[in-house]
Amino acid sequence: MVLADRSIRKQAVIPAEIHQVWDRWTTETGIKKFLAKECSVQMQIGGDFEMYFLLDNPKGLQGSEGCKILSYLPQRMLTFSWNAPPEYAEVRGQHTWVVLEFEELPAYQTEILLTHLGWQEGEEWNEVFQYFDQAWDQVIKWLIESFQ
């Protein structure tokens, strides 16, 4: 059962214009600048949103295989499904979802709000929740650094 009241929320100001931040998240070239060495991004509803972090692993265990774009409003909101890393085999096949909201700020800055939802009950779910609570901080740090 999905826990409606459980989510991870991260907010940050990115030192770049909104279209630049949008492109970082929605193009393969952009993703490769801060998040993953390889990826497949198809900017359409149901399109791939796959990041490959563990290139030496067999296919299916390299990253976010099977994740999809769920919805988007250009330069305003991106929603995609997400899965647990391969070491969390019990929950890996059960996707959560991430909502990214973008807001243009003065002085060529963009605020992003990342909300990770869809968490269920159980020990491994709790471990994955803790993993992503820390991992999203790192991802946002890399995103900011990619513009410096």
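Why does Leu70 count as partly exposed? Leu70 has a relative accessibility of 40%, so Leu70 counts as partly exposed. Keep in mind that this is a predicted model. The views below start from this residue.

View 1. Val2, Leu70 and Trp97 make a nonpolar surface patch of about 250 Å². To find Leu70, look in strand β4, which covers residues 69-73.

**View 2. The largest pocket.** Here you can look into a pocket with a volume of about 330 Å³, the largest one. Its lining has 19 residues, and those closest to the centre are Phe53, Trp82, Pro85, Tyr131 and Phe132. Helix α4 (residues 123-145) gives the largest share of this lining, with seven residues. Sorted by class, the lining holds 13 nonpolar, four polar and two charged residues.

View 3. The side chains of Lys10 and Asp133 meet at 3.0 Å, N to O, in a salt bridge. This pair links distant parts of the chain, with Lys10 in strand β1 (residues 8-14) and Asp133 in helix α4, 123 residues apart. Lys10 counts as buried because its relative accessibility is 11%, whereas Asp133, at 27%, counts as partly exposed. Salt bridges also link Lys10, Asp133 and Asp137 in a network.

**View 4. A salt bridge between two loops.** Lys68 and Asp48 form a salt bridge through their side chains (2.8 Å, N to O). Lys68 lies in the loop between β3 (49-52) and β4, and Asp48 in the loop between β2 (38-41) and β3. With 13% relative accessibility, Asp48 counts as buried, while Lys68, with 30%, counts as partly exposed.

Conventions
Residues numbered from 1 in each chain as written. Predicted model: local features only at pLDDT ≥ 70, side-chain atom pairs only at ≥ 80, totals over all residues. Heavy atoms only, no water. 1 Å grid on protein atoms, 1.4 Å probe; cavity = no way out; pocket = protein on both sides within 12 Å on 5 of 7 lines; lining within 4 Å. Points joined across faces, edges and corners; volume = space filled by probe spheres on them. Helix = DSSP H or I, 4+ residues; strand = E, 2+ residues; numbered from the N terminus. Nonpolar A, V, L, I, M, F, W, Y, C, P; charged D, E, K, R; others polar. Patch = residues over 30% accessible without salt bridge, like charges linked within 9 Å, V, L, I, M, F, W, Y side chains within 5 Å. Areas by Shrake-Rupley, 256 points an atom, 1.4 Å probe, with all protein chains shown as cover. Salt bridge = Lys/Arg side-chain N within 4 Å of Asp/Glu carboxyl O. Buried < 20%, exposed > 50% of the residue type's maximum accessible area, 1.4 Å probe, protein only.
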